[in-house]
Each structure stands twice: as structure tokens, then as C-alpha cells.
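Please look at the sequence and the fold before reading on. The numbered points below go through them step by step.

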Amino acid sequence: MDANHYKAFTGKGRRRRHTQMSEINVTPFVDVMLVLLIVFMVTAPLLTVGVPLELPNSKAATVQGNDEPLVISVDGEGRLYLEDVEIELENLVPKLRAVTGAKQDQRIFVRGDTNVNYGRVLSVMGEIHNAGFNRVAMVSAGPGKATTGANKDSNQ
């Protein structure tokens, strides 16, 4: 017997009928990314602080930081809010200590409505500072950003 007769048994003489597909189908990936984009576009406006305020304008630069600040708001009637929860001034410091775990370097933003008494905002800031929190900043609408009823929540 010759050498060509044994090629059928060794597999060397056979041709491959099915080749593997070396392309990646990106259509499902694109579909998932578009759905995620739509979900984030819908939910992003809902993640802002929920107390509607008319913030004053300022030419100051935006404060940059890595940690998420706590937000304290004073509305037009002088009511005080820690994030979205209404709170009395006497209970502010104990709640801040409970939320921050007595971390004195926690950033705290104070948002005051344009129509609120300036002394009310200063008394809130004074209570926070007297409690030992030193990273306190005021929030304004920013340069050239006029606040209206439609965009009160989105300006910080």
C-alpha cells in the first residue's frame, strides 16, 4: 500500500467544511448601550436635591471635590432641610453627627433661597461651624444662571 492510502485515516487529506466565524456581532451590545443611555437620561434629572429654591446668582467658581457633600437647604419661609428631610435647627447638629459618623472633614453645602432672611442662613452656618464642621460652603446659581420656577432644582 502506498502512502496516499493512509491519508484518509490520519485526517491530513481532509478539507475543513466548517470554518469558525471570527467576527463579533456588536448589535446586541449597541442595543444594550442605547437602553442604558435612555435610562440614565431619564433618571439623571431626578437625582438632584428635591427642595425647590430660588438660588442667588454669583460669579464664584465651582468648588471641586471627590466626596459627595451633604446639602442643607433653607427655603423661602425659613424652613430647614437636611438633604430632602425637613428638620429643626436644634436637631441639625445631632443629625449631622449621626449622618457623617462625627467626621469633621465632611463637605457640607448650604443652599439658601433668595427670599430667605440672610440672618437665618448665617445662623444655620454658625451652628454647623460651631459643631466643628469646617468644610462648609454656600451654593449659588452660578454666573449668568438666572433661576426660574422651571429650573430651580437643577441649578447648583
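1. α3 lies across β1, β2, β3 and β4, in a direction about 160 degrees from that of β1. Helices (H or I, at least four residues) and strands (E, at least two) are DSSP runs, numbered from the N terminus. Axes are lines fitted to C-alpha atoms, for helices over the stretch in contact, and angles run from 0 to 180 degrees between N-to-C directions; contact means heavy atoms within 4.5 Å.

2. This is a predicted model, in which local features need pLDDT of at least 70, side-chain atom pairs count only at pLDDT 80 or more, and totals for chains, interfaces and linings use all residues. Residues are numbered from 1 along each chain as its sequence is written, and side-chain values use heavy atoms, with hydrogens and water left out.

3. In what order do the strands of the open sheet run? The order is β3-β2-β1-β4-β5, five strands with mixed pairing. Two strands pair if DSSP finds at least two bridges between them. β3 and β5 are the edge strands, each pairing on one side only.

4. β4 and β5 are parallel and share four bridges. R111 is placed opposite V139 of β5.

5. The buried residues of α4 are V121, V124, M125 and I128; buried means under 20% relative accessible area, exposed over 50%, partly exposed in between (1.4 Å probe, protein chains only). They fall within an arc of 95 degrees seen down the axis, so they line one face of the helix; the arc is that of the directions from the helix axis to the C-beta atoms.

6. E83 sits in the loop between β2 and β3. Its phi is positive, near 60 degrees, although E83 is not a glycine.
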